[in-house]
Each structure stands twice: as structure tokens, then as C-alpha cells.
Amino acid sequence: MTMESVVPPETSDAEIEGPRLEAVLADTWATAPGFWGALSTVDHKIIGRRYILTAFVFLALGGILAMLMRLQLAAPEARLIGADRYNQIFTMHGANMMFLFAVPVMEAMAVYLVPLMVGTRNIAFPRLNAFSYWIYLAGGLMLWIAFALDMGPDVGWFAYVPLSGPQYGAGKRADIWAQMITFTEVSALAVSVEIVVTVFKQRAPGMTLDRIPLFVWSMLITSFLVIMAMPAIMIASSTLILDRLVGTHFYNPAEGGDVLLWQHLFWFFGHPEVYIIFLPAVGMVSTLTATFARRPVFGYLALVMALIATGILAFGLWVHHMFVTGLPRLGESFFTASSMAIAIPAGVQIFCWIATLWDGKPQFKTPLLFVIGFIVTFVIGGLTGVMVASVPFDTQVHDTYFVVAHFHYVLIGGAVFPLLGGIYYWFPKITGRMMSERLGIWTFWLIFIGFNLTFFPMHILGLEGMPRRIYTYQPDLPWHGLNLFVSTSAAILASGFLLFFIDALRSARVGEPSGPNPWHAPTLEWATASPPPSYNFARIPVVNGRYSLWEQPNELAVADGLRVDRRELVVTSLAAADPEARESSPRNSIWPFWAAIATTVTLIWSIFSPWAVVWGPIPVAVALIGWFWPKRVPEDEA
Amino acid sequence: MRFVLLLACIVMLSGCEREERQLRLDPPVADALNKIRLMPIGIAGAPPEIYFALHRPYEANAYNLNQGKRLYAWFGCSSCHADGQGGTGPSFLDGWWLYGPEMVSIFASIRDGRPHGMPAFRDKMTADQIWQLAGYVQTIGAYSARTAAPSRNDDKQTRPAENRAPAAILFDQGPSPVHADQGPTP
């Protein structure tokens, strides 16, 4: 103790120079080698990379399920998959894509990028970050192992009661779905809290609110959406498990429960969920547009306001998923109006991007191609969105393939296209190597054409009356030709994704080395090496504008005065980002991993027995005590 | 490592059978399921060989138990047995089995009927439906909870759900053993 109260000379970064500073920092922030080192790391870049990789594995798995469904539906009365298995497959596809791919991959991009973009050394609450990844992985494994055991959920990705309730949902299939929700909720809430704190308190000095990069803005608002929307579904899934396991009556009308309560709780989460997926994509589009149009994005303030407006409106339109449940007229009218109102901020954003491209000197590299594909596809999806916002039209097409077409247009067009663009864009930052531009163009066109050929005819199938979630159809129905066409086109789409995966895997090994800033991009993540060192920045950058690297192209202003013998970062004020304090950042720890294992055991056990809730928290508490126990490291001092 | 693999295999096997859904049996299998061998007194006996070959699918398979519960409602069992409390017919919930708790006995009771008013259902239900119903009836009088057993209905609650082992909760022997004339209490 007395040793540490004397500060040795070599503990401030102001006193050491260049390579020596980097060596000391690398030592302080290092991830230990080996198996246990990998399990205990709290480096946001390593965890973010794992998150992204895992999410893409789930994307590939979900894609395989989609292809199985298309194979089955290619011909009438096909015998490839039976009804029971098909129910599991479409439920798994939806649940996997929404909960294990779309939301986590956006959070994952933020885990990797937000600390770099705001110029700090690690995400806030780094151990919680490690914990959230393990919980996410456990939830995904549980769902997929259950599916392999013929125990996959078969009640649709929104698991309406009474179908998923105790009377009709036989076995533990619906419980697996509900508990998978709990896993992904816990991990998403954890990441959201980290992002909010990182953005509010760890921005580089000088990065005032109006200088925050747009992707960071979008993740900040997304995080607030997660924090406000997820509790609703957590209540829903927990009460569902209670109904099923111990016979409570939340959704039993005969005992004063309410079936419609489920739909309200689900969609109060489920609609903001759409924006939880979409807003990060919007942030990526704004980032990519500025870089490739070679000019600052048009209407920064309008874009931020549109993000906030979308975030607020997102909580006012969940009922449009429930138009056919027989709600009061006034309610239907209100939610029609609010659903149409969300087209306004969306329109503002589209105009801002077009104006940016119009006025700039666009370089049509692969990421920008995906942005343009996004604009086209998302506008089509938005138009059908305005159509289904109207009650009479929705009543006609509810539960048909029209709706399937609509939400794939907004989800794939609105989120996956920007994400793929974002992967092409940030891949050199993450791996230090470029993805192939030639394969990228092929990938884009295969995916873009394949996507439109696959999903556009589904609008027509829906108008012809083909319902969702049918495992086969009779030969005398007029859907055969189009279904075969859709299935064939899906193969084009799948080949595009296959090419993307091949390109990514190949480029990660043998791609052309990229250097720190291959795109001449303006934001701070490009101010450090690719891939970034464990400490992100040798000295914390100081920000004077929105586009630091364009404004200070030669040498970035930096701050010093941080200790280097312990993990330390700068805490700044919320609005002006004035430096307030030096704050320690936790070291690596294995305890988040054990805490996640204990939580996993508790959650899975509680599907089968209520006693899990009594005994399960004991190992969790033990793990948390280990987690927070002072280890007498310099980080404990403040 | 080998132990972990073995454990995983066991978990997978049990998982598979617990949640598997056989929507329609092959006719020879359904036929063989009908061939129980009963003791001459009509109580207890041996299920057919195929019952074991299928790993006793009607006792621990969630889907079959749940189907049994629906058959219980569809075939009007509750008009005599209520929700298991009994009425003109005997109770299941008291955990007392007039003809013993074995699956074959329950199967025989449903298929062939019993004296004092239990009708025979052999011409109204298929063999596998009778097995499903028998499995379900057994859970009503169960003393240990089965995770595969169905949960409550979306109805007025009259008793704890089958997966809570209602008999274990509700069985009440009274001040003196109630069925002293019929042997030891369960």
C-alpha cells in the first residue's frame, strides 16, 4: 500500500515518448495469451469482434433455415419437411434473425466502434460487456441445441398466447423461446447501458454534443430504445413462463387474465425493436455517405433530430400490429396516424442522404453501393409500410405473404444492406486488411438482384391470398409458379451471401493490408492503427469539429496526463465534453464468464423447475462477489 | 471429455423423445399397441413389446400427454370424473387407483370399460389415442411432478395443474386411513 502511494516517475504519459509509451500502454491493456486469457478479456475490440462473428454465424444458420423453407415451398404438396418441423423452422428463422442476429450484430458493431469513434480506451463497464457476450452466446446455443433436440419453439417468433400458453403449447418448446428472450434481453440491456455511459461520459475532450459522429448518435438513441422497450418483453416472457410452469393466470381470461395483454406487451417492445435494428443502420448510412461523397453529411442537425423523432415515435405505433384484433375505432385511427407520421423523419433522412450524395463527389465503392441499394429498397419497404398502416388494407393482407414481403424489405433493405456496407467499410479497421472490391461488386449485385427477385413477388403472392406460415399448399391454388420463381431467386440471394462470407474469410487472411485510414474517412476510429492496439489511442485525441481527420489532416491534437501503469481513461462532461476526471477502467477478469455460466444454469433450470429461482442465484451471487472483490491492483485506487 | 460426450448424448436422447411429435402412427405400430396382455382379473399386466421398443412414449412425451388432455375434454371424461375430482365416476386426484396405477390397467379401463358405469371406448378411439389419454389420466393422480406433463388450462382453475403433481398436493388421508379395506395407502 505504501509503495503505491508514491507515484513512480514513469507513470504519466506526459513523461514518456513514442515507442516506449506504446510499449508501456500495450503492457497495461494487454489481453493475456491462451485459453483463460481469451475467456477473461475485457477488451471491447476482442469482445466486439466475437459478437460480430457470432451474429454472422447465426445469420448463416438462419439463412439455411430460410433456404429450407424455400425448398419446401418451391412445389405444391412437397414432402421435404413435415408440418411440425416446418413450424419449428419458421419460428427459429424469425426468432434467430431478430434476437440472435439483427439486434446483437448492431450492438456488436457499437461495442467495437463506439469507443473508437468517441476516442476512448475501452467501453464503460468492460466486465459487464464480457458478461453480456457470454450470456448472448449461451442464449443462442440454448435455442439452437433445443432445435437440434426437436425442442425448438414452434409458435411463431412473437409466440402469441394462447397458442404458446400452457394449454396449447405442449412441452418446453415455448419456454425455450421465452427464455431465449431473457438471455438476449440481459445481454442487450447490458450493452445499452455501456453505450449510453460511454457516449455520455467518455467522449474525447472537445467532442461536444453537436460533434458526435452520427453512428454514435444513432447507437445512443438505439440504446435508450433498448432500455425502454426491453422491459416490456421481459415481463411478457417471464409471465408466460410463470403461466406455463406454475399455473399463474396472466393470460387466462377465465381467471381475469387477458390474451390481448400479451400482444400489447410484445409489440410495445416489438415495434421499437424494428427501430432498434433500423437506427444503427441509419447511423451507418450517414457515416458511409459522408465518407464516400467526400463531404460532410448534409443536414447534421436534421439527421440527429430525425433519429430522436423516430426513437420517440417508435413507442407510439405498436398497435398497428394488432389491427385485426378488434380494437376500438379511435385507437385504430390514432395508430394509423402515428404509423404514417413515422414516414416524416424517415423521409427527412432520405433527403439528407440524397442531398449529400448530390453535392458531393461520390466514389462508388462497395460500401456506397450498399447504401444506394439500401435507399432504393428501403423506400419500397417504406411505401408498403404506409399501405399496411391503413386499417382496411391491413385487414386484407394481414398474415399473408404481403406482410412477409414488407418486413423483409424494411429489415433486409433497411438494416442488412447498410450493415453489409458497414462491414465492407470497417473490415479494414477490424482486421487490418481490405475486402476484395471486385468480389464486393459481385456480392452487391447478387444480393441486390436476388433480394428483389425473391421478395417482390411475395407482395403479389400475398395479394393472391397466400397465408404466412403454411408448410405446403395444394396444386390447384394459383401460387405455384410464383413460389417456384421465388425459391429460385432465393438461391441467387443465398449465393450473394455465400460470396460475402467467402470474401470476408479470405480477406481476413490474405487481403491487401489497409493502413490506418484506407477510405480517407473523417472520424476518430481511423486515427489509430488497423487493427487498433489494445489501448486504442496512445494519447487521447482532442476534438475541434465534427470531422476531425478532415479538419486536422496532418497531426491530430492530443491530450496527455493519464497514468500509464494502470488502465485509465478521461471522463468528460455530458454536453461540452470538458475533461472532468481521470477514471480507472477495470482489468481483465474471469468472473464475468463464471457469472454468465451461473446465470445460464439458473435460467435454463427455471424452465423446468421453479426451485431454480431459489437455488440458482446462490452461484450467481458467488460469481458476482468474485467479480467485485478488490484485487489490490492500481485500478482499485479510484 | 468422453464423459461430457456421453452426457450430451443422454441429454439429446431424452430431449428428443420428450418433445418428439408423432402425428400419425404407422398402421402396424398402432395395431401392435393394442395388444396388451392383462392379468385374468383385469388388473395389471404387460404392455405390448412395441411399447418398450418405442421407449414408453405415452408417459414421458409432452405432446402425447397434452393430446391426452385434449382427448379428456373431447370424449367427455369430465362428465363423470370432473377435472379429476370425480363425480359419478371415481376421483383421480385423490391418488387412489381402484385398478392400480399401471398404464396397462388405465388403458384397459378406457378400452374395455369397467363395472358400475365406465363405458368401453374401443370403438370410439384409436389405440394410440387411448394410450395418450391413459398417460394423461396417470398424471392427474401423480405424486411426483413430471416436466413433460401439461400445465393449466385456459379455464377456471379447479385444482393445481398436472405438472405440479396435484395428487401429491391434494391427497388427504383423513384422520384414519381411508381405504384400509383395500390395502396400504399409496
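1. Of the 186 residues of chain B, 33% count as buried. The model is a predicted one, and the points below should be read with that in mind.

2. The secondary structure of chain B amounts to nine helices and two strands. Along the sequence these elements come in the order α-α-β-β-α-α-α-α-α-α-α. As for how the chain folds back on itself, take the contacts in chain B between residues at least 6 apart in sequence: 62% of them join residues at least 24 apart.

3. Next, the meeting of the two chains. Here 24 residues of chain B are in contact with 20 residues of chain A. On the side of chain B that touches chain A, the elements giving two or more residues are α1 (2-19) and α5 (62-74) of chain B. Of these, α1(B) gives the most, with five residues. Sorted by class, this side of chain B has nine nonpolar, six polar and nine charged residues.

4. Two helix pairs in chain A deserve a look. Two packed helices are described by the angle between their axes and the distance between the axes. The crossing in which α5(A) passes α8(A) is left-handed.

5. Which residues make the contact between α5(A) and α8(A)? From α5(A) come Met106(A), Ala110(A), Leu113(A), Val114(A) and Met117(A), and from α8(A) come Phe215(A), Val216(A), Met219(A) and Thr222(A). By class, the contact of α5(A) with α8(A) has eight nonpolar residues, one polar and no charged.

6. The second pair is helix α4 (residues 44-73) of chain A with helix α17 (residues 480-510) of chain A; their axes come within 9 Å and cross at roughly 160 degrees. That angle makes α4(A) roughly antiparallel to α17(A), since angles over 145 degrees count as roughly antiparallel. Again the crossing is left-handed, with α4(A) passing α17(A).

7. On the α4(A) side, the contact with α17(A) is made by Ala60(A), Gly63(A), Met67(A), Arg70(A), Leu71(A) and Leu73(A). The α17(A) side supplies Asn483(A), Val486(A), Ser487(A), Ala490(A), Ala494(A), Phe497(A) and Phe501(A). The class count for the contact of α4(A) with α17(A) is nine nonpolar, three polar and one charged.

8. Chain A also has a hairpin. Strand β3 (residues 568-572) of chain A pairs with strand β4 (residues 579-584) of chain A in the antiparallel sense, over five bridges. Six residues lie between β3(A) and β4(A) in this hairpin, and Ala577(A) in the turn has a positive phi of about 55 degrees.

9. Val571(A) lies in strand β3 of chain A and stands opposite Ala581(A) in β4(A). Is Val571(A) buried, exposed or partly exposed? With 16 C-beta neighbours inside 10 Å, Val571(A) counts as partly exposed, because a buried residue needs 20 or more and an exposed one has 12 or fewer.

10. Leaving aside residues up to four places away in sequence, Val571(A) touches Lys201(A), Gln202(A), Glu580(A), Ala581(A) and Glu583(A). Val571(A) and Ala204(A) are 367 residues apart in sequence, but their C-alpha atoms are 8.3 Å apart in space.

Note on methods. Residues are numbered from 1 along each chain as its sequence is written. Chains are lettered from A and ligands numbered from 1 in the order in which they are written. This is a predicted model: local features need pLDDT of at least 70, side-chain atom pairs count only at pLDDT 80 or more; totals for chains, interfaces and linings use all residues. Two strands pair if DSSP finds at least two bridges between them. Helices (H or I, at least four residues) and strands (E, at least two) are DSSP runs, numbered from the N terminus. Two residues are in contact if their C-beta atoms, placed from the backbone, lie within 7 Å. Ala, Val, Leu, Ile, Met, Phe, Trp, Tyr, Cys and Pro count as nonpolar, Asp, Glu, Lys and Arg as charged, and the others, Gly among them, as polar. A crossing is left-handed if the near helix is turned anticlockwise from the far one by less than a right angle, and right-handed if clockwise. Axes are lines fitted to C-alpha atoms, for helices over the stretch in contact, and angles run from 0 to 180 degrees between N-to-C directions. Angles under 35 degrees count as roughly parallel, over 145 as roughly antiparallel, 65 to 115 as roughly perpendicular and the rest as oblique.
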